[in-house]
Amino acid sequence: MDFDAVLFDLDDTLYPYPPCNAAGKEAAWREARNRGYDLDRDVFEELYQRGRNAVKREIAGTAAAHERFLYFKQALQSRTGTNQSTDALALGEAYWSTYLDEMQLFEGVSETLSALQGAGVDIGLVTNLTTRIQLQKIERLGLESVIDVLVTSEETGREKPSASMFTVALARLDRRPSETLMVGNSVVSDIEGGNGVGLTTVLFNGDEPDLSGQQQPDHRIDDFSEIRELIL
Ligand SMILES: [Mg+2]
């Protein structure tokens, strides 16, 4: 066996993110309409992006910077000039519940993770977001039984590409970088971060051409099941 452990990113690595995000925003828009906000889809999108940008501007680099409840809270406050707790909660719930319904693993993920587990490979998830929603995604995707360790940026207080995201996972698995593979879709978060702590890195579902330096993955794959050949 070439590696004893593998760390995976979650979002857009184990399942496609864009359709979930699109469905979530659509559901939030419908919820806003139901609650009396006179907004067409384009205006709602602008409002969402304004809320998102305001949150990112203030707290980029923290787990909460991805939290949709904050985006909606910010957006509705800026739209109405006052606090809209109940509506922000409802839009956030509509977003996430629809997002969860839309999730489907990439082809080959389930079989690959089972094969790795069967071969005794340690499996960790390292992910930039708040813990509660990531726990819900894992439950919904049916991944609980194949994951040995989960590390969220909420619990480390730092986000990938920060080294601590990876070293915390390695420590919990009692593995060294040299015996561990890191698989992710983000060149900056997953590849640059993984390379920085000496992991062997695999870019999956990444669309950036011509990478070099610390951003260059050790492997680049188009089919998730190729991971099996890299590890076993
Ligand atoms: Mg990702």
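Predicted model: local features only at pLDDT ≥ 70, side-chain atom pairs only at ≥ 80, totals over all residues.
Good morning. Leaving aside neighbours within four places in sequence, Tyr-95 is in contact with Gly-24, Lys-25, Ala-27, Ala-28 and Arg-68.

Tyr-95 belongs to helix H4, which spans residues 85–102. Is Tyr-95 buried or exposed? There are 25 other C-beta atoms within 10 Å of Tyr-95, and the threshold for burial is 20 or more, so Tyr-95 counts as buried. For a sense of distance, consider Asp-218: Tyr-95 and Asp-218 are 123 residues apart in sequence, and their C-alpha atoms are 36 Å apart in space.

Let me now turn to the chain. It contains ten helices and six strands. Its radius of gyration is 19 Å, close to the 17 Å given by the globule rule for 232 residues, so the chain is as compact as a globular protein of that length. Taken along the principal axes, the box filled by the C-alpha atoms is roughly 60 × 35 × 30 Å. Of the 232 residues, 42% are buried. As for contacts with a separation of 6 or more, 64% of them are between residues 24 or more positions apart.

In the first, strand E2, residues 122–127, pairs with E3 in the parallel sense over four bridges, and Thr-127 stands opposite Thr-152 in E3. Between E2 and E3 the chain passes through helix H6, residues 131–141, in a β-α-β crossover that is right-handed. In the second, strand E4, residues 180–184, and strand E5, residues 200–204, also pair in the parallel sense over four bridges. Here Val-183 stands opposite Val-202 in E5.

In soluble globular proteins, nonpolar side chains tend to be buried together. The largest nonpolar core in this model has 32 residues, and Val-6, Phe-166 and Val-183 touch the most other members. Helix H8, residues 163–173, gives the most to this core, with five residues. Which residues does Phe-166 contact, leaving aside its neighbours within four places in sequence? They are Leu-7, Val-126, Met-182, Gly-193, Gly-194, Val-197 and Leu-199. There is also a second, separate core of 22 residues, which includes Ala-32, Tyr-48, Ala-65 and Trp-96.

Ser-178 is placed in the loop between H8 and E4. Why is Ser-178 classed as exposed? The reason is that it has 10 other C-beta atoms within 10 Å, and a residue with 12 or fewer counts as exposed. Ser-178 and Ala-5 are 173 residues apart along the chain, yet a distance of 9.7 Å separates their C-alpha atoms.

Thank you for your attention.

Technical notes: Residues numbered from 1 in each chain as written. Pairing = 2+ DSSP bridges. Helix = DSSP H or I, 4+ residues; strand = E, 2+ residues; numbered from the N terminus. Core = buried A, V, L, I, M, F, W, Y, C linked by C-beta atoms within 7 Å. Contact = placed C-beta atoms within 7 Å. Rg over C-alpha atoms; globule rule 2.2 N^0.38 Å. Right-handed = clockwise from strand over helix to strand, strands pointing away.
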